[in-house]
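I opened the notebook to record what I looked up in this structure. My entries follow in the order I made them.

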Amino acid sequence: MAKEGPNWDGLLKWSLAHSDGTSSNRNLSDEDRRWFMEAMQAQTMDVIKRMKEITLVMQTPEQVLESQGVTPAEIEDMLDELQDHVGSIDMANDLHSIGGLVPLLGYLKNTHANIRAKAAEVVTTIVQNNPTSQQLVMEANGMEPLLSNFTSDPDVAARTKALGAISCLIMHNKPGIAAFRLANGYAALRDALSSESVRFQRKALNLVHYLLNENRSDCNVVSELGFPRIMMHLASSEDPEVREAALRGLLELARDRKEGNDSSLSEEDDKLKQILQERIKGISLMSSEDLGAAKEERQLVESLWNAYYNEPSSLREKGLVVLPGDDALPPDVASEHFEPALRAWAANREAEKKADNERKEAPLLLGFGPSAVNTTVQSGSDADTASGQNNAST
């Protein structure tokens, strides 16, 4: 499908022609102002017009599109274009007013997995940091197909995209969080953590962490559902992001336990201790470069050990962890006993230069020289002597 964009070249030439580079408040003639407003309105109308055309295609039954030779790949391209348009919050909100939101949500039930995944990705763009569109999607029952795809879609990519859309839909959206919890969303998240897809695991762990921060009482829910055991398993994942996310979740549960709530891991403390010891061993064997990349993981292991066992881990003793607020450089103890050859040579050179300068400047420090009186007397004596000699010769 053809994709017509705004005439940015024309607008750029116009703006350059009406700018002298010295003032941002140059007065425009009525004709220029009218032309500019019409040009901007035309571009906006073109986007709305194009979104309406896409809406008509989305409203067309799948069988009819296939009979007209429209391929799934072309539908994906069309959704890509729509995603570009709704990247603006205003356009995202306008999609509902032109009738495009409901057919977009209908694409979540398309027979092609790639289209279901792409539709979820467009929904993600629409609702991200956009309370208005979040409410519109909720009112259009958009949570239902998203949850269905998240929990039971046979395609893991479609499940992952649906989870991403749900995360953005309920972010800072209390009605969305409530709907997710009522729909047994935590059980679905637990199943997602058992997936073989690393990306799916990451998204699920990140959403769990967000939900636990939003509602501390949910720590009891995730404990009862068996999340701690799964998180401990994922804390040994080969993927560093999964490990960190799992450790963050365990740390939330540990903090909840410290507050006196019943979400401890008392029955599995020994297993957790073994896992943390294995992580400490793995961190101890890391190269300098890997240690730098694993800074957050090292902090999480240290914090988690301290939270559960009320003592520093061996990472602290080995100097392999820097907690927030501990960024000061360690004291340079070794330099008191040993100096590298280059540093010692430089120090000796500085000492030699200083000694030479002191020797050169020594005469300037031995007093103020002959007194002015002596100088005057001596000058007078010399003058008298010279005068006597002259008279004698005369």
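This is a predicted model: local features need pLDDT of at least 70, side-chain atom pairs count only at pLDDT 80 or more; totals for chains, interfaces and linings use all residues.

Which residue just after α8 takes a positive phi? I looked, and found Asn141, with a phi of about 60 degrees.

**Entry: helix α8**

I stayed with α8, which runs over residues 131–139. I asked which of its residues are buried. My list reads Ser133, Gln134, Leu136 and Val137. They cover an arc of only 165 degrees around the axis, so they sit on the same side of α8. I then checked the other side of α8, where Pro131 and Glu139 are exposed.

What covers the buried residues of α8? I wrote down α5 (89–97), α6 (101–106) and α7 (113–127) among them. The cover also includes α9 (143–152) and α10 (156–170).

**Entry: the nonpolar core**

Next I looked up the largest nonpolar core. It has 90 residues. Those with the most contacts inside it are Leu79, Leu82, Leu104, Phe150 and Leu189.

I picked Leu79 and listed what it touches, leaving out residues up to four places away in sequence. My list holds Met58, Leu104, Tyr107, Ile115, Lys118, Ala119 and Val122.

**Entry: cysteines**

How many disulfides are there? The count comes to 0. A disulfide is a covalent bond between the sulfur atoms of two cysteines. I also looked up two cysteines by name. Cys168 is buried, with a relative accessible area of 14%. Cys219 is buried too, at 0%.

**Entry: aromatic rings**

I turned to the rings and found a count of 4 aromatic pairs. One of them joins Tyr186 and Phe227. Is this pair stacked or edge-to-face? I noted edge-to-face, with 6.4 Å centre to centre and 90 degrees between the planes.

Tyr186 lies in helix α12 (residues 185–193) and Phe227 in helix α15 (residues 227–234), so the pair ties together parts that are 41 residues apart in sequence. I checked burial as well. Tyr186 is buried, with a relative accessible area of 4%. Phe227 is buried at 0% relative accessibility.

**Entry: a cluster and a lysine**

Trp305, Tyr308 and Tyr309 form one. Which residue lies over the face of Tyr309? I found Lys273 there, at 5.2 Å from the ring centre.

Methods:
Residues are numbered from 1 along each chain as its sequence is written. Side-chain values use heavy atoms; hydrogens and water are left out. A nonpolar core is a set of buried Ala, Val, Leu, Ile, Met, Phe, Trp, Tyr and Cys residues joined through side-chain atoms within 4.5 Å. Buried means under 20% relative accessible area, exposed over 50%, partly exposed in between (1.4 Å probe, protein chains only). Contact means heavy atoms within 4.5 Å. A disulfide is a pair of cysteine sulfur atoms within 2.5 Å. Helices (H or I, at least four residues) and strands (E, at least two) are DSSP runs, numbered from the N terminus. The arc is that of the directions from the helix axis to the C-beta atoms. Rings of Phe, Tyr and Trp (its six-membered ring) pair if their centres lie within 6.5 Å; planes under 30 degrees apart count as stacked, over 60 as edge-to-face and the rest as tilted. A charge sits over a ring if NZ of Lys or CZ of Arg is within 6 Å of the ring centre and within 35 degrees of the ring normal.
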